[in-house]
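Student: Please walk me through this model, as I have not seen it before.

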Amino acid sequence: MSDRTHSSPPRRIFIDKQSPKAFHALVQVSEAVRATASEAGLDRTTVELINLRVSQLNGCAYCLDVHTRAALRAGESPQRLGILSAWRDTGLFTPSERAALALAEATTDPVNAALQTSAYEAARQVLSEGQISAAIWVAVTINAFNRVSIMSKHPVPPLHDK
């Protein structure tokens, strides 16, 4: 038998550590997007809901961990976080949050033109152009961070706060 059949999978490169200048540029984009969202009146909990929903769709465990804690610090409720993946099936999210979540999903699935059209139509009813732009930028940015963490296989450290 060859060593390949019994060897462990190769360790992933943490691309954020391997290419720190590129990662730092992404962090700077994230900071600019956060400021843009704030200036547009998109509150921090909505930003974190977008970050979480996109991370759910992409299956990014590391970003789900980071942004769940950030959402809780921003005042989000555990109940709403627990049902976020089924946001359409509950009345617990405001029309603005629903519009932002729909835009986030459309940004994450850019091939689905019908989803984009529907999301834009809903967003125009309740969000300003600045808020629409900010919500899309938040989704674009977290999609990029998801790819960094997924391709690097960033581990989720256990919390020791019990």
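Helix contacts

Student: Which residues in helix 7 meet helix 8?
Tutor: On the helix 7 side they are Tyr120, Ala123, Arg124 and Val126, and their partners in helix 8 are Glu129, Gln131, Ile132 and Ile136, where contact means heavy atoms within 4.5 Å. This is a predicted model, in which local features need pLDDT of at least 70 and side-chain atom pairs count only at pLDDT 80 or more, while totals for chains, interfaces and linings use all residues. Residues are numbered from 1 along each chain as its sequence is written, and side-chain values use heavy atoms, with hydrogens and water left out.

Student: And what classes do those residues fall into?
Tutor: The contact of helix 7 with helix 8 has five nonpolar, one polar and two charged residues; Ala, Val, Leu, Ile, Met, Phe, Trp, Tyr, Cys and Pro count as nonpolar, Asp, Glu, Lys and Arg as charged, and the others, Gly among them, as polar.

Student: At what angle do helix 7 and helix 8 cross?
Tutor: The axes of helix 7, residues 113–126, and helix 8 cross at roughly 135° and come within 9 Å, with axes fitted to C-alpha atoms over the stretch in contact and angles from 0 to 180 degrees between N-to-C directions. Helix 7 is therefore oblique to helix 8, given that under 35 degrees is roughly parallel, over 145 roughly antiparallel, 65 to 115 roughly perpendicular and the rest oblique.

Student: OK, what about helix 6 and helix 8, how do they pack?
Tutor: Helix 6, which spans residues 95–108, packs against helix 8 at an angle of about 45°, and their axes are 9 Å apart, so helix 6 and helix 8 are oblique to each other.

Student: Which residues of helix 6 and helix 8 meet there?
Tutor: Ala100, Leu103, Ala104, Thr107 and Thr108 of helix 6 meet Ile132, Ala135, Ile136, Ala139, Val140 and Asn143 of helix 8. By class, the contact of helix 6 with helix 8 comprises eight nonpolar residues, three polar and no charged.

Student: How do helix 6 and helix 7 pack?
Tutor: Their angle is about 155°, with the axes of helix 6 and helix 7 lying 8 Å apart, which makes helix 6 roughly antiparallel to helix 7. Helix 6 contributes residues including Pro95, Leu103 and Ala106, and helix 7 contributes residues including Leu115, Tyr120 and Val126. The contact of helix 6 with helix 7 holds eleven nonpolar, two polar and one charged residues.

Student: Changing topic, how many helices and strands are in the protein chain?
Tutor: The protein chain has eight helices and zero strands, counted as DSSP runs numbered from the N terminus, with H or I over at least four residues for helices and E over at least two for strands. The C-alpha atoms of the protein chain fill a box of roughly 65 × 35 × 30 Å along the principal axes.

Student: Which residues lie nearest the centre of the largest pocket?
Tutor: Those are Ser30, Val66, His67, Ile142 and Phe145, out of 25 residues that line the largest pocket. A pocket is an open set of points on a 1 Å grid over the protein atoms alone where a 1.4 Å probe fits, with protein on both sides within 12 Å along at least five of seven lines, and lining residues have an atom within 4 Å of a point.

Student: Which helix gives the most to that lining?
Tutor: Helix 4 gives the most to the lining of the largest pocket, with seven residues. The lining divides into twelve nonpolar, six polar and seven charged residues.
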